[in-house]
Amino acid sequence: MSTFLEEYKRKLITVEQAAKLIQSNDIIEYGMFATKPVDFDVALSKRAGEPGLENVSIRGTGSVLPVPQVIQGDTEQKSFQYFNWFFTAIDRKACDFGLACHNPFNYHEATILAYNRDFYDLWPDVWVAQVTPMDKHGCFNFGLGNSHNRGVALGSKRLAIVEVNEKMPRCLGGNDEYVHISEIDYIVEGTNTPIFATPPSAAPTPEETKIAGFIMEQIPNGACIQLGIGAMPNLLGTMLADSDLKDLGVQSEMFCDAYVKMYEKGKITNAKKAYDINKSTYSFCLGTQETYDFLDDNPLCASCTVNYTNNPNAISMHDNFISINNILEVDLLTQVCSESSGLRQISGTGGQLDFVIGAFHSQGGKAFLAFSSTYQDKEGKIHSRIRPLLTPGAAVTVPRTVVQYLVTEYGAVNLKALSIWGKAEAVISIAHPDFRDELIKEAKEMKIWSKTNRIPF
């Protein structure tokens, strides 16, 4: 330990000194989600507009509060340009003002990009992330954001810098949940700002409760559960906690609040998983402080790289894998958009496609894409989320060939192996009744409706 402490002292610098190491044309990779650096970001933002510091690209993954100061402190982009692999509300707003740009990708490929030298030109020059304090073995734990942090840290071309935060939960592995002091260049000690935590989920709407009920009917004992981001997955997790189901397992990119409730009710044992038996595997966590406290030093849970948690081939090895995610809209061709409103980026593909593919290839597995049938615009007008064609500019997150179950408050339909006519009929059957006649008319004009098609209700 004394050797590590000596090395620690040699590598310890101030955040101002760390920020001074950034050069023009650098690519900087910030840590993922809650491991985004805070104090380093503030120090770097103060260099905005500094003579000779230009064209610095900064990449994040799911920005959380506090707002990245390299955005807020350089609105003219004199020195910094901000990019993000997965948008949050912060990134959306920044993008609206031309201050952020999205990098589309499938989440499980992040680790591959970090290690594959074919992408060397895209590797960062500098990696900076929040970590736990160093342990007696000289390791810094990535806490709530394993993701692809280690791969990016080791692949950084010039510098790897850790920002120590004593409030970061220590999340046990798994794999690649740490970086060793010998593998980094510098250490900065942050001001131990509180780790971003989400407020408790809002009360479910009647529509969400109906949707969750349809999905609950399809989940067997021993299922391995993946819950995506949002109110619906958390609602379903709460319902699972109060159900008669048993021996449930967890493999998910995100560990959400609902899993804690499921543990408290004894629903999660991970006994039926094909591998990682007795452990819940995940790659990052966004949740309440209660959830963070649950993960801290908890051997029941395993923090892993996103390639490990999200690899479709690995997902498919678990029998009865159940994947549950939200979408924004779907068209009559059953192309699904889950990440943009027209050209406006809302989130990202993330791991949705990874789990839809993996769950379908699981023995007994099912992939559910859930959404309320309608939404209300700012003027109070009601619109259908099922459209003849996706909104112009909308990204196809899940191709029609991959979509399995679609679920609204009007039912659940399995689209696999249906004809184009069959897909159109199925998706219209779960549309809001007020929009079905118009959707049928559009389907006829698109020539994807036959004389034998029927809507049963």
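A residue counts as buried when its relative accessible area is under 20%. In this predicted model, T408 has 0% relative accessibility and therefore counts as buried.

**T408 and its surroundings**

T408 belongs to strand β23, and a polar atom of the T408 side chain lies 2.7 Å from the backbone oxygen of I430. When neighbours within four places in sequence are left aside, the residues in contact with T408 are I211, F214, F371, S373 and I430.

**The eight-stranded sheet**

Strand β23 is part of an open sheet of eight strands, whose order is β13-β12-β11-β10-β14-β19-β23-β24 and whose pairing is mixed. The edges are taken by β13 (301-303) and β24 (411-414), each of which has a single partner strand, so that one side of each is left without a neighbour in the sheet. On average, and with direction ignored, neighbouring strands of this sheet are turned by 20 degrees against each other. Within the sheet, strand β10 (residues 224-227) pairs with strand β14 (residues 321-326) in the parallel sense over four bridges, and L227 has I324 in β14 as its bridge partner. Helix α8 (residues 206-216) packs on this sheet, where it touches β14, β19 (366-370), β23 (405-408) and β24, and the direction of helix α8 makes about 145 degrees with that of β23.

**The three-stranded sheet**

An open sheet with the order β16-β15-β22 consists of three strands and likewise has mixed pairing. Here β16 (336-337) and β22 (386-387) stand at the edges with a single partner strand each, so one side of each is left without a neighbour in the sheet. Strand β15 (residues 329-331) pairs with β16 in the antiparallel sense over two bridges, and V330 stands opposite V336 in β16.

**Strand β7 and its partners**

Because six of the six residues of strand β7 (residues 159-164) are buried, this strand is largely enclosed by the rest of the structure. L159, I161 and E163 point one way from β7, while A160, V162 and V164 point the other way, and all are buried. Strand β7 runs parallel to strand β5 (residues 126-131) and also parallel to strand β9 (residues 186-189).

| Strand pair | Sense | Bridges |
|---|---|---|
| β10 and β14 | parallel | four bridges |
| β15 and β16 | antiparallel | two bridges |
| β5 and β7 | parallel | six bridges |
| β7 and β9 | parallel | four bridges |

Technical notes. Residues numbered from 1 in each chain as written. Predicted model: local features only at pLDDT ≥ 70, side-chain atom pairs only at ≥ 80, totals over all residues. Heavy atoms only, no water. Pairing = 2+ DSSP bridges. Axes fitted to C-alpha atoms, helices over the stretch in contact; angles between N-to-C directions. Contact = heavy atoms within 4.5 Å. Buried < 20%, exposed > 50% of the residue type's maximum accessible area, 1.4 Å probe, protein only. Polar contact = N/O pair within 3.5 Å; in protein donor to acceptor, adjacent residues only side chain to side chain.
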